[in-house]
Amino acid sequence: MTDAAAFELAQVNIARLKAPLDSPELKDFVDALDPVNADADTAEGFVWRLQGDSGDATDVAVFGDSWLIINMSVWRDTDALTAFMYQGRHREMLARRREWFERVQEAMVAMWWVPAGHRPTVAEAESRLLHLRTHGPTPYAFTLRTSYPPQGATPLLGEVPEGLGCSV
């Protein structure tokens with residue numbers, strides 16, 4: 001039996017912008033970044049989030065594509081991440097994501113377990129996303145809809161509110 005406290009949940013989500021970050025079309029999104037990040041920083045079960053020089057991760061490159069932005073964080077477990085994602089300001093942003101981001105067919109969200117204290121790199125996140133796109137959910141990279149326990153092989157099927165989750 002694995003001690004679940006020895007592991008934390010890493011998550012990455014990327015999005016393809018519909019317009020430049022400094023455009024009027026993305027003003028509401030950009031204006032909400034600091035408050036939503038502050039909510040995350042104080043959320044139950046939050047551990048860490050990727051930050052660039054700006055205090056958020058909008059200036060961190062992913063896949064060498066300037067139209068992609070990344071959000072990466074570490075949480076105690078899937079319950080903590082889900083509780084944050086589907087309430088308050090973050091839920092409001094999720095509901096408006098189609099205004100700001102292109103609809104993309106490939107997986108843009110991945111999760112995986114890391115040893116407690118490990119802080120994943122962008123390269124790790126890219127690897128997990130590519131793995132998920134190629135192989136579907138596995139213990140190496142999974143989704144909230146099909147997640148795995150720490151170091152486990154049996155998927156756990158989760159409930160994701162309609163219209164808010166990843167389609168994988």
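In what order do the strands of the open sheet stand? The order is E2-E3-E1-E4, with antiparallel pairing of the four strands.

The model is predicted: local features need pLDDT of at least 70, side-chain atom pairs count only at pLDDT 80 or more, and totals for chains, interfaces and linings use all residues. Residues are numbered from 1 along each chain as its sequence is written, and side-chain values use heavy atoms, with hydrogens and water left out.

View 1. Neighbouring strands are turned by 25° against each other on average, direction ignored. Strands (E, at least two residues) and helices (H or I, at least four) are DSSP runs, numbered from the N terminus; two strands pair if DSSP finds at least two bridges between them.

**View 2. Strand E1 beside E3 and E4.** E1 (residues 7-16) is joined to the antiparallel strand E3 (residues 68-75) by eight bridges. Asn13 has Asn71 in E3 as its bridge partner. Seven bridges join E1 to E4, also an antiparallel pair, and Val12 stands opposite Ala110 in E4.

**View 3. Helices H1 and H5 on the strands.** Helix H1 (residues 27-41) lies across E2 and E3, running at about 140° to E2. Helix H5 (residues 122-135) packs on the sheet and touches E1, E3 and E4 (contact means heavy atoms within 4.5 Å). The direction of H5 makes about 125° with that of E4. Axes are lines fitted to C-alpha atoms, for helices over the stretch in contact, and angles run from 0 to 180 degrees between N-to-C directions.
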